[in-house]
Amino acid sequence: MIILGIETSCDETGIAVLVDGAVRSNIISSQIDLHAPFGGVVPEIAGRTHVMTVTPAIEQSLAEAGVGPRDLDAVAVTVGPGLVGALIVGVAAAKAMAATLDIPLIGVNHLEGHIEASFLEDPSVQPPVVALIVSGGHTMIAVMPEHGRFEILGQTIDDAVGEAFDKVARFLGLGFPGGPVIDRLAASGDASAYRFPRALLGEPNYDFSMSGLKTAVIRWVRERQNLEDSFDPADLAASFQEAIVDVLVTKTIRAARDLGIDTVVLAGGVAANSRLRARMRAAGEESGIRVVVPSIALCTDNGAMIAAAGARRFERGDRASWDIGANPALSLG
Ligand code: KG4
Ligand code: ZN
């Protein structure tokens with residue numbers, strides 16, 4: 001079974017070829033440099049750039065995998081959630097390929113793709129799993145009792161966690177995207193230097209709130225500046241990051257315990273965060289829960305995760321109709 005995965009929901013053109021479940025190529029054409037001067041992703045630029053990068057990335061992905069278009073059994077594409085002008089580029093490319101080659105077209109939910117990335121590297125990982133999905137647009141805990149079935153246990157009531165990283169980094173003038181910069185800066189800081197709020201930590205639910213933390217950090221910095229008081233940016237980054245990681249780890253492990261599920265998977269761009277990866281692994285060891293942490297290239301947006309989710313759908317006989325469109329607000333499950 002040879003499947004092409006196309007991902008264009010945000011600022012990465014991700015194209016991959018999967019052969020019998022193994023990743024043969026996983027091409028990322030990143031737009032970060034184009035969006036960085038604006039301090040965030042500009043939807044108009046994202047859509048236009050995908051138009052230019054999608055075809056060369058498909059060609060490169062096929063070449064690297066050593067397969068021709070006629071070898072493909074199916075084409076899988078992200079249909080949502082994401083930026084509509086970015087999504088439609090991938091959907092149009094996938095439709096054109098599937099129609100020309102007369103092979104099935106499979107529509108994939110971006111969040112389902114992030115979760116499926118956790119099954120790509122180790123076949124011993126099996127459902128049921130509790131998934132922590134943390135990205136620029138989403139922060140949620142979901143259960144996947146079997147492939148293709150999802151139940152959302154809780155999610156952010158305001159900002160996504162990646163958004164909090166990006167906004168705090170922008171305020172501090174650290175650049176875009178903020179997550180990786182704060183991660184690197186925090187590595188040399190003291191996470192217990194400053195104490196920031198851990199919203200909803202003790203609440204008996206699986207929801208999150210990130211905007212209060214972001215505001216607290218910004219207010220704290222302004223107060224220091226007004227007092228002409230110096231502070232160590234590395235300590236600040238580490239303390240901010242620790243507040244986020246504390247809540248994510250505690251609530252995810254609690255969800256797995258409450259449901260009696262012994263596997264937790266980390267998904268989404270923020271799953272690339274080194275502190276989250278380390279703390280989640282340690283918490284898993286402490287509580288006898290297996291924690292699956294995909295390699296970083298499979299955490300941030302990529303085509304392999306879409307091909308993986310598409311292959312599962314293909315096995316289940318799921319086919320998209322030709323009039324399928326982009327759905328920017330598509331929900332999981
Ligand atoms: O999943 P993703 O690649 O795109 C979306 O679907 O949103 O996630 C992008 C987000 C950005 O907010 C970025 O700052 C964050 O993931 N991110 C990180 C790290 N690497 C990427 N956040 C914290 N630490 C990182 N190392
Ligand atoms: Zn994503």
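Me: How do the residues lining the second largest pocket divide into nonpolar, polar and charged?
Reply: In this predicted model, the lining divides into seven nonpolar residues, one polar and four charged.

Me: How much space lies in the largest pocket, and which residues are closest to its centre?
Reply: The space is about 1100 Å³. Of the 39 lining residues, D11, S135, G136, D166 and P177 are the closest to the centre. Helix 4 (110-116), helix 5 (161-171) and helix 6 (178-186) are the elements that give two or more residues to the lining. The largest share, six residues, comes from helix 5. By class, the lining holds 16 nonpolar, 15 polar and eight charged residues.

Me: Why are H110 and H114 separated by about one helical turn?
Reply: The two residues are four apart in helix 4, which means a separation of about one turn. An α-helix has 3.6 residues a turn, so residues three or four places apart point the same way.

Me: How do you know whether H110 and H114 are buried or exposed?
Reply: The relative accessible area is 6% for H110 and 1% for H114. Buried means under 20%, so both residues are buried.

Me: Why is T53 called buried?
Reply: T53 has a relative accessible area of 17%. That value is under the 20% cut-off, so T53 is buried. T53 belongs to helix 2 (residues 43-65), and it touches T13 and S29, not counting residues up to four places away in sequence.

Me: What makes a set of residues a nonpolar core, and how many residues has the largest one?
Reply: The residues must be buried, of the nonpolar kinds, and joined through side-chain atoms within 4.5 Å. The largest such core has 45 residues, and L132, F240, L248 and L276 have the most contacts inside it. Helix 8 gives the most to this core, with 13 residues. Apart from this core lies another of 27 residues, among them I15, V75, V89 and I103. In soluble globular proteins, nonpolar side chains tend to be buried together.

Me: Which residues are in contact with L248?
Reply: Leaving aside neighbours within four places in sequence, L248 is in contact with L132, V134, T139, V161, F208, M210, L276 and M280. Each of these has heavy atoms within 4.5 Å of L248, which is what contact means.

Me: Which residues of helix 6 are buried, and what do they pack against?
Reply: G178, G179, V181, I182, D183 and A186 are the buried residues of helix 6. They pack against helix 5, helix 8 and helix 9.

How values were computed
Residues are numbered from 1 along each chain as its sequence is written. Chains are lettered from A and ligands numbered from 1 in the order in which they are written. This is a predicted model: local features need pLDDT of at least 70, side-chain atom pairs count only at pLDDT 80 or more; totals for chains, interfaces and linings use all residues. Side-chain values use heavy atoms; hydrogens and water are left out. On a 1 Å grid over the protein atoms alone, a cavity is a set of points where a 1.4 Å probe fits but cannot get out, and a pocket is an open set with protein on both sides within 12 Å along at least five of seven lines; lining residues have an atom within 4 Å of a point. Grid points are joined across faces, edges and corners, and a volume is the space filled by probe spheres set on the points. Ala, Val, Leu, Ile, Met, Phe, Trp, Tyr, Cys and Pro count as nonpolar, Asp, Glu, Lys and Arg as charged, and the others, Gly among them, as polar. Buried means under 20% relative accessible area, exposed over 50%, partly exposed in between (1.4 Å probe, protein chains only).
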